[in-house]
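Please look at the sequence and the model below before reading on.

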Amino acid sequence: MELPVIDLRSYLEFSARSQTETDLDPQLVSLCLEVSRTLADTGALLVKDPRCSAEDNDRFIDMMEKYFEQPEEFKRLQERPHLHYQVGVTPEGIEVPRSLVDQEIQEKLKSLPKEYQPAPLSGPDPKWRYMWRVGPRPEITQFKELNSEPVIPEGFPEWKDTMDSWGYKMISAIETVAEMAGIGFGLPKDAFTSLMKQGPHLLAPTGSDLKRYGQEGTVFAGYHYDLNFLTIHGRSRFPGLNIWLRNGQKMEVKVPVGCLLIQAGKQIEWLTAGQCMAGMHEVVVTNRTTDAIKRALEQNRSLWRVSSTLFAHIASDAVLKPLGHFADTPLAGKYPPMCAGEFVEQELSVINLKGKKGEPL
Ligand SMILES: O=C(O)CCC(=O)C(=O)O
Ligand SMILES: [Fe+2]
């Protein structure tokens with residue numbers, strides 16, 4: 001099975017002309033249905049957005065490769081462990097894959113057939129990450145954000161521009177998908193996007209050193225789900241992402257050039273009472289990754305695998321609860337109302353990126 005590629009152009013043209021979903025023609029309605037159905041069945045979606053070009057993605061990856069190639073002592077200057085790594089760099093060996101610490105996930109895993117089992121894990125992920133906050137934040141909030149300034153490494157004058165411009169583009173793409181998914185799930189078109197306003201969105205590229213960790217089977221990101229609403233990635237220069245479909249089948253993702261990959265996070269699962277479950281995934285060195293390593297070596301290109309990941313969130317003060325007709329479904333009780341900010345704090349403490357519950361950020 002291949003994931004379909006949804007071209008956002010026709011929907012964007014419609015939005016530029018009209019504000020109300022009642023004006024949607026049947027073709028666009030069926031495109032929205034394909035968005036919601038694919039997200040629900042696979043936890044993922046490939047899209048093409050004319051506002052996000054392959055060149056934009058390249059400019060971002062080029063800069064991040066240059067950054068991750070810097071010596072460890074340099075990168076450590078951007079580390080903010082006292083801020084629980086929520087800005088700046090997270091070195092390798094810090095983030096713990098959810099499946100290593102979550103009993104419920106471990107139980108579920110045992111029920112998967114052998115060929116769909118995730119790669120075995122021994123400890124924290126060997127990937128680095130950079131966290132860069134994107135977009136406006138609320139002035140009044142119950143969840144006081146870090147007052148710290150964004151971290152900009154020295155010697156990268158293009159940093160802020162490159163991060164912000166890629167970040168805003170990715171958020172625009174997510175907002176469009178979120179509107180289409182809203183319509184497809186039978187909700188008002190702004191059901192999700194109105195909750196995303198002033199959310200703590202994070203551009204959070206990962207960096208994995210394939211020179212050191214290029215052996216087949218190495219796990220860069222152990223089996224997990226994303227705790228946010230929707231995640232979006234540009235195409236990585238090195239493949240390796242596996243996703244699990246709703247039916248438990250494991251699938252290797254191939255992102256075509258110029259396309260973006262979207263994944264369902266835990267917050268959309270909450271809002272849809274499990275109609276759209278958070279997509280489980282892992283990043284592992286496969287034979288396709290080692291082929292890409294050989295090509296990169298021949299062409300003298302960087303051996304850092306950079307992901308252009310952006311985590312889009314529901315605003316911290318908004319309440320996560322099953323929306324509209326999802327409130328009346330049998331599983332709604334599994335998703336009690338809770339502030340998104342509180343939910344995020346709980347989840348972060350599990351994967352080692354925050355102090356224990358209740359400890360201030
Ligand atoms: O490195 C990647 O491609 C994605 C990693 C990932 O799943 C994550 O950052 O949550
Ligand atoms: Fe992830």
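## L45 and its surroundings

L45 counts as buried because it has 26 C-beta neighbours inside 10 Å, where a residue is called buried if 20 or more other C-beta atoms lie within 10 Å of its own, exposed if 12 or fewer, and partly exposed in between, with C-beta atoms placed from the backbone. L45 lies in strand 2, which covers residues 44-48; helices (H or I, at least four residues) and strands (E, at least two) are DSSP runs, numbered from the N terminus. This is a predicted model, in which local features need pLDDT of at least 70 and side-chain atom pairs count only at pLDDT 80 or more, while totals for chains, interfaces and linings use all residues. Residues are numbered from 1 along each chain as its sequence is written, and chains are lettered from A and ligands numbered from 1 in the order in which they are written.

When its neighbours within four places in sequence are left aside, L45 is in contact with L3, I6, V35, T38, L39, V177 and I262, a contact meaning that the C-beta atoms of two residues, placed from the backbone, lie within 7 Å.

## The largest nonpolar core

The largest nonpolar core has 90 residues, and the members that touch the most others are L45, V47, V177 and L230. A nonpolar core is a set of buried Ala, Val, Leu, Ile, Met, Phe, Trp, Tyr and Cys residues joined through C-beta atoms within 7 Å. Helix 7, which runs over residues 159-184, provides the largest share of this core, with 11 residues. V177 touches V35, L45, V47, L230 and I262, if residues up to four places away in sequence are not counted.

## Two residues with positive phi

Most residues other than glycine have a negative phi. Y85, however, has a phi near 65°, a positive value in a residue that is not glycine, and Y85 sits in the loop between helix 4 (72-76) and strand 3 (88-90). Y85 is buried, with 21 other C-beta atoms within 10 Å.

N300 also has a positive phi, of about 60°, although it is not a glycine. N300 lies in the loop between helix 10 (287-298) and strand 13 (304-306), and it is exposed, with 6 other C-beta atoms within 10 Å.

## Distances along the chain and in space

K334 is placed in the loop between strand 15 (319-320) and strand 16 (338-339), and it counts as exposed because it has 12 C-beta neighbours inside 10 Å. From C-alpha to C-alpha, K334 and F14 are 36 Å apart in space and 320 residues apart in sequence, whereas L45 and K334 are 25 Å apart in space and 289 residues apart in sequence.

P113 is found in the loop between helix 6 (103-110) and strand 4 (128-133), and P113 is exposed, with 9 C-beta neighbours inside 10 Å. The C-alpha atoms of P113 and F238 are separated by 27 Å, and these residues are 125 residues apart along the chain. L12, in helix 1 (residues 9-17), is partly exposed, with 16 other C-beta atoms within 10 Å.

Around ligand 1 are the residues T206, A221, D226, H233, S236, L241, H281, V283, S307 and T309, a residue being near a molecule if its C-beta atom, placed from the backbone, lies within 6 Å of it. By class, this shell has three nonpolar, six polar and one charged residues; here Ala, Val, Leu, Ile, Met, Phe, Trp, Tyr, Cys and Pro count as nonpolar, Asp, Glu, Lys and Arg as charged, and the others, Gly among them, as polar.

## The annotated domain and the whole protein

An unreviewed UniProt entry places the feature "domain: Isopenicillin N synthase-like Fe(2+) 2OG dioxygenase" at residues 221-313. Over residues 221-313 the chain is 19% helix and 34% strand, and the end C-alpha atoms are 20 Å apart.

The protein contains 11 helices and 16 strands, and 42% of its 361 residues count as buried. Among the contacts with a separation of 6 or more, 81% are accounted for by residues 24 or more positions apart. Along its principal axes, the C-alpha trace of the protein spans about 55 × 45 × 45 Å.

Conventions. UniProt positions are given in the numbering used here, feature names are shortened, and annotations may be inferred rather than shown by experiment.
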